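Please have the structure open beside them as you read.

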Amino acid sequence: MAATQDWSPANFHAFAGAAQLDATYMAKTMTGGHEDLAADVLKFYRWIEHLRGNVGPTNGIPNDYVTSVQDLLTAFFPQMQPNDEWMPAARVRSVGDQGIVEVVTLADFGTATPKERLQIVDGATALGYIFSVATPPANPTWLSYYLPLAALYCRFLYLAYVLDRTGGANPGVFDASADLPQMSCVMYAGETHTVRYIYGATAAKIPGDDPDRAAERINAPVMLDRYRREQVLAPALNREVPGVQIPRYSPRRIADLATRLWTRLAVTAEFNSLVDPLRTMATNLQTSIINIYELLPTYPPGTLQALPLARVFGHAVWKQALLTDLKIIVRDRFLHPAAYDENNLNAPVVAAWENAIKNYIAPHIYLKTDTAFAVNIADPASQTAVDIAVNQIINPLWAQFRATFLQQLEDLFQEQMNRPDHTPFGRCAETYCVAGMLSHYFPHETMDHVRGISLGVPAVGSSDKFSAHFGTPQLGDAAAKSPYRLPCINCQQLLPLYNIDMANYNIDIWATPDRNGKDPY
């Protein structure tokens, strides 16, 4: 993937006729040493008009998709008049007072007979659909087609929505702001499988300086999340894997929920009643370690000094260690409720206390003298003291506190269950991609060999690195944030539910040295 590729016809071809795409659409129009953004935006909309003028095989659109492409162009890309300098694309479908989609465009997709239909409600997705149904070249590969078309998709999304206003006091003002679609995605079947691919994106926001649509700007993101989750992702998952549901909670919320649980536990009388036994535990542990070490032949002269108990139980490091273990418990309760079993909590809770002893309490017992000697928890003697504390002190304390812990965890879970579902599943660029790759759109195909990659739209769309070639060294930028994105934590949770093998899915992004985002494994 790191090899340089140029834009010659031998390496890349997309659409046909008057709508054929080439490197000129990636190159910036320069005037006086600066990009003439208005000219580039106009070039994009002229391309839309070329496509609209003859939607069909002549322009690279198969007959099966002509009607759908025409409908999407009409819905999201208003027709330009000969003297128009630009015609801004629609961002999202109209939103009612309750945040409900009022108009939906249905678009045929896939190889099933009769065709399955995608429900498209925003312009960025509409453009991705058009890119997805254009006739590909024979034997398309990642470098010959999917990646360069992904770069062009980003460039076109940028040009379609960089105009911030449709009228008013400042018509035609350019603003590469957060109102642009932020991410795009392409998923495709591996190059040794049946040709199957789809492009998608996050939605463009309603412009912030359009006073007539202020309420809609507030409603639209929540509406789109909900609509794309409930009308696109959920039905697709139910058909592909009956009985499996989209998680009600985003993995991004787990840390917050764990902190809430810690706070609730800390104010309970039962928790406070453990302070004295915990202090006794620490004293006994320290005494055990000191007594054992005094018997060791390598023990230097002097007296061991225990860490003050107030620092043991009030230290942020120890609290953070316990919060880490709480997050694991909260994650299992909230994200995997069907498999959750409270009887399995004993081991991780006891392990959390053991971890605190090993990694914080024990290492902070030192000699009073200047001799450099600290407790080495790897020594058998130290391990013996820890085992004594766990078996004789921690287990009884957990037995005493277990009922309170489980009740607080369950109360938090039920409170969250009664709240409106505002999870962000449906927001990501992968939304339409994962739905459109499923077997009811492509019968007899499976998801285990699907690959994918996401690209940052503002970074790629505004770049000047693509006029001559594309590929990893050119698409990335060592001096800036790489446009390549690993799946976010939500998608890491979601995509495997659709039987996507994440190790296979990430093959192309793992081959990109300058990828951005946390590695998923």
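The points below go through the cavities, the ring contacts and a few backbone details.

1. First, the ground rules. This is a predicted model, in which local features need pLDDT of at least 70 and side-chain atom pairs count only at pLDDT 80 or more, while totals for chains, interfaces and linings use all residues. Numbering starts from 1 along each chain as its sequence is written, and side-chain values use heavy atoms, with hydrogens and water left out.

2. You will find 2 cavities of 30 Å³ or more. A cavity here is a set of points, on a 1 Å grid over the protein atoms alone, where a 1.4 Å probe fits but cannot get out; lining residues have an atom within 4 Å of a point. Points are joined across faces, edges and corners, and the volume is the space filled by probe spheres set on them.

3. The largest cavity holds about 50 Å³ of space. Its lining is made up of Leu233, Phe425, Gly426, Cys428, Glu430, Thr431, Asn490, Cys491 and Leu494. Helix 13 (430–436) and helix 16 (489–494) are the elements that give two or more residues to this lining, and helix 16 gives the most, with 3 residues. Helices are DSSP runs (H or I, at least four residues), as are strands (E, at least two), numbered from the N terminus. By class, the lining has 5 nonpolar, 3 polar and 1 charged residues; Ala, Val, Leu, Ile, Met, Phe, Trp, Tyr, Cys and Pro count as nonpolar, Asp, Glu, Lys and Arg as charged, and the others, Gly among them, as polar.

4. About 30 Å³ lies in the second largest cavity, which is lined by Leu118, Thr125, Gly128, Tyr129, Ile198, Tyr199 and Tyr432.

5. Rings of Phe, Tyr and Trp (its six-membered ring) pair if their centres lie within 6.5 Å; planes under 30 degrees apart count as stacked, over 60 as edge-to-face and the rest as tilted. One of the pairs is Trp47 with Phe156, tilted at 5.1 Å centre to centre and 55° between the planes. Trp47 lies in helix 1 (residues 37–53) and Phe156 in helix 4 (residues 142–161), so this pair ties together parts 109 residues apart in sequence.

6. Tyr146 and Tyr188 are stacked, because their ring centres are 4.5 Å apart and their planes are at 25°. With Tyr146 in helix 4 and Tyr188 in strand 6 (residues 183–189), the pair ties together parts 42 residues apart in sequence. Tyr146 and Tyr188 are buried.

7. Two charge-over-ring contacts may interest you. The charged end of Arg333 sits over the ring of Phe413, 3.6 Å from its centre, and that of Lys43 over the ring of Tyr25, 5.9 Å from its centre. The rule asks for NZ of Lys or CZ of Arg within 6 Å of the ring centre and within 35 degrees of the ring normal.

8. Lastly, the backbone. Thr113 and Pro114 are joined by a cis peptide bond, with omega about -5°; Pro114 is in the loop between strand 4 (105–109) and strand 5 (116–120). His444, not a glycine, has a positive phi near 75° and is exposed at 81% relative accessibility.

Methods. On a 1 Å grid over the protein atoms alone, a cavity is a set of points where a 1.4 Å probe fits but cannot get out, and a pocket is an open set with protein on both sides within 12 Å along at least five of seven lines; lining residues have an atom within 4 Å of a point. Buried means under 20% relative accessible area, exposed over 50%, partly exposed in between (1.4 Å probe, protein chains only).
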